[in-house]
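Biologist: Hi! Could you walk me through the charged residues in this one?
Modeller: Happy to, let's bring it up.
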Amino acid sequence: DGKVAIITGAGRKRSIGNATIHALADLGTDIVVTGTGRDSSTFPADEQAMGWRDIESAADEVRVKGRRALPLVVDVTDAEQVDEMVQSTLDEFGRIDILVNNAAYRYGPDRVPLVDLEPDLFQNVLNVKARGTYLCSRAVAKVLIDQGKGGKIITVASAAGKVAGATSLAYNA
């Protein structure tokens, strides 16, 4: 209760990120909801039908639970944007207690057999999953150390990270 959490990759309605913002808000946590600012024309049909607004709608769901929310568009592969995310969180809430690294590369174009996967696309997947996790963890860890009260950094993977498939190599990276 009373903690502040940053959840990356929390803009989709049906996602681990959305479930995480609900679980933490139910426990009394104020939430920074981040996402890519994706174009609504690319939303799944169910999100379009309900008028989903990506991180704005996710933030509204947090507020309905009586918690504060800050929606931020962040490219987790960009160190400057990650630092701005951390500073915006500190400006809005005064501290950070929890980071949930949940951002993932958008589902789709990497779902091809290995022999058909372009190296640049594979690198994009790695940039989000590995570099993004590193940059966010590094930036938040500095704050947690400076605050001197501990905290949590959690990195999430879906079941796809443990189950191989003919067209899921890049996703499992």
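This is a predicted model: local features need pLDDT of at least 70, side-chain atom pairs count only at pLDDT 80 or more; totals for chains, interfaces and linings use all residues.

Biologist: Great! How many salt bridges are in the whole structure?
Modeller: A search of the whole structure turns up 10 salt bridges.

Biologist: Which residue does Asp46 form a salt bridge with?
Modeller: Asp46 pairs with Arg14, and their closest N and O atoms are 2.6 Å apart. Asp46 sits in helix 2, while Arg14 is in the loop between strand 1 (4-7) and helix 1 (16-26), so the pair ties together parts that are 32 residues apart in sequence.

Biologist: And how exposed are Asp46 and Arg14?
Modeller: Asp46 is partly exposed at 29% relative accessibility, and Arg14 is exposed at 60%.

Biologist: Switching topic: where is Glu47, and is it buried or exposed?
Modeller: Glu47 belongs to helix 2, which covers residues 45-49. Glu47 counts as buried because its relative accessibility is 2%, and the cut-off for buried is under 20%.

Biologist: What is Glu47 in contact with, leaving aside neighbours within four places in sequence?
Modeller: Its contacts are Arg12, Lys13, Arg14, Arg38 and Trp52.

Biologist: Nice. What about Asp60?
Modeller: Asp60 forms a salt bridge with Arg53, with 2.6 Å between the closest N and O atoms. Asp60 also meets Arg63 in a salt bridge, at 2.9 Å from N to O. Arg63 and Asp60 are three residues apart in helix 3 (residues 55-64), so about one helical turn separates them.

Biologist: Which residues are linked in a network of salt bridges?
Modeller: Asp30, Arg67 and Arg68 are linked that way.

Note on methods:
Residues are numbered from 1 along each chain as its sequence is written. Side-chain values use heavy atoms; hydrogens and water are left out. Helices (H or I, at least four residues) and strands (E, at least two) are DSSP runs, numbered from the N terminus. Buried means under 20% relative accessible area, exposed over 50%, partly exposed in between (1.4 Å probe, protein chains only). Contact means heavy atoms within 4.5 Å. A salt bridge is a side-chain nitrogen of Lys or Arg within 4 Å of a carboxyl oxygen of Asp or Glu.
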